[in-house]
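Reader: I am new to this structure. Please show me how to read a few of its features.

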Amino acid sequence: EDRQAVAERHVRRLRGDDLPGVYPFRVMNKAGETRWMEINAVRIDWEGKPATLNFLGDITDRKRAEEEQAKLQAQLNQAQRMESIGVLAGGVAHDFNNLLTTIIGNAQLALADLPKNDPLREDLEEIRKAGDRGATLTRQLLAFSRREPRQTEILDLNEVVEDMGKLLRRLVRESIEVRTIRAPGLWKVRADVGQIEQVIMNLAVNARDVMPDGGTLTIETANVELNTAFFHAYGLFEEPGPYVMLAVTDTGPGMDKTIQERIFEPFFTTKERGAGTGLGLSTVYGIVKQSKGYIWPYSKPGMGTTMQVYLPKAKDVPKPAPKEVAIDTEAKGGEVVLVAEDDGPLRELALKALQKAHYQVLTAADGEEALRVSWGFEGKIHLLLADVVMPRMGGQELAGRIRTLRPGIKVVYMSGFPDKDFSTEHDSGSPIDFLQKPFTPESLCRKVRETIGD
């Protein structure tokens, strides 16, 4: 394909045109292999006529190395962009969780005080339902940013796919055939079953939406051994080993490279305005990454799309789940709770909910004020309810300092960032607990009652 361009440059150089003397082109050797050559051409006179003196070198290895480097750089840029978007998504979800806690909580408090036949109940129920839908969106954002709390267990993906079979067939239209190919002897994975179901559901919905006139949706599982070459092809330097593959394939129109580079970004969608949130695939991406797995699209325009998810083979065995213990959420009367929360409306919600449950409540807008309130209160403070992230002094530092003044005080952390385990406090061994935002007045009082105990 480069022959004509090389010939034209040769003729122009003989004519005396000013052209670059060094440039690459492709040749084919006797074995039919395509090789890259670099020419260094100099115009000379030969036997009284214009000619060229040409030096040629095989630069195939260098060219391939440059292409590989460019590919790795593009993948690194994509990974960095996804990481920055994940941080942003997590921050947005944290702020939304504060707002949603206030909205949902105050709606529930108002509902509790209204008679069953009050005409305002319907309006308040709509507010509460809208808050719940908002909470679902923030959970999707947190899943994308890999900060959603999980309850992992040993899973057989074949069983998960089988359990979802009927649901998937109801989900897609009759013109779409659903096929499942489940590999025998499939290895187990460690994951959150609800999240894996969400992955399958989101991928199936996307496949359905790109086949409005019908087609085939195939869900496949397989055991695979990923080697170093596989990871390097995607710009990753991970440990090779055994993985379980979950693939969802459609016979839709496929995607070009530009769309494939953006499909996992939150709020990016190719659907019509109002037809989707753009959070489906970003949620899938976050869940897979949180499960220490990988996901890649395989698609070309007119060739359909396959979304392949790889989850590492489980190395451990499940432990028996502890038996649930019924919790008495009714206050025994008179316990003192110190609430440290920098968000004013949320702090007011906690105050009203706890007072309604007959607790005595002290409030502070940050950790420093909470310490001053503790110094000035002469009675016993049974529990500290503290936001993890506050200006001037966060919840963890506050808990450590207040325990030196009040040994034995119980602690409940609350946050919109569920990325740490607060089940124990390592320095003192004092029991603490964690309350995920958004929470309801009922779940708040339940957590306080559970932590204070009898």
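**Two packed helices**

Author: Helix 11 and helix 12 are roughly parallel to each other (angles under 35 degrees count as roughly parallel, over 145 as roughly antiparallel, 65 to 115 as roughly perpendicular and the rest as oblique). The model is predicted, so local features need pLDDT of at least 70 and side-chain atom pairs pLDDT 80 or more, while totals for chains, interfaces and linings use all residues. Residues are numbered from 1 along each chain as its sequence is written, and side-chain values use heavy atoms, without hydrogens and water.

Reader: How is the packing of two helices described?

Author: Two packed helices are described by the angle between their axes and the distance between the axes. Here helix 11 (residues 367-376) and helix 12 (residues 395-405) pack at an angle of about 10 degrees, and their axes are 10 Å apart. Axes are lines fitted to C-alpha atoms, for helices over the stretch in contact, and angles run from 0 to 180 degrees between N-to-C directions. Helices (H or I, at least four residues) are DSSP runs, as are strands (E, at least two), numbered from the N terminus.

Reader: Which residues of helix 11 and helix 12 meet?

Author: From helix 11 come G367, A370, L371, S374 and W375; from helix 12, L398, R401, I402 and L405. Contact means heavy atoms within 4.5 Å.

Reader: Is V248 buried or exposed?

Author: V248 is buried, at a relative accessible area of 3% (buried means under 20%, exposed over 50%, partly exposed in between, with a 1.4 Å probe and protein chains only). V248 lies in strand 8 (residues 241-250). Beyond its neighbours within four places in sequence, its contacts include L203, A204 and T305. L203 and A204 are among the buried residues of helix 6.
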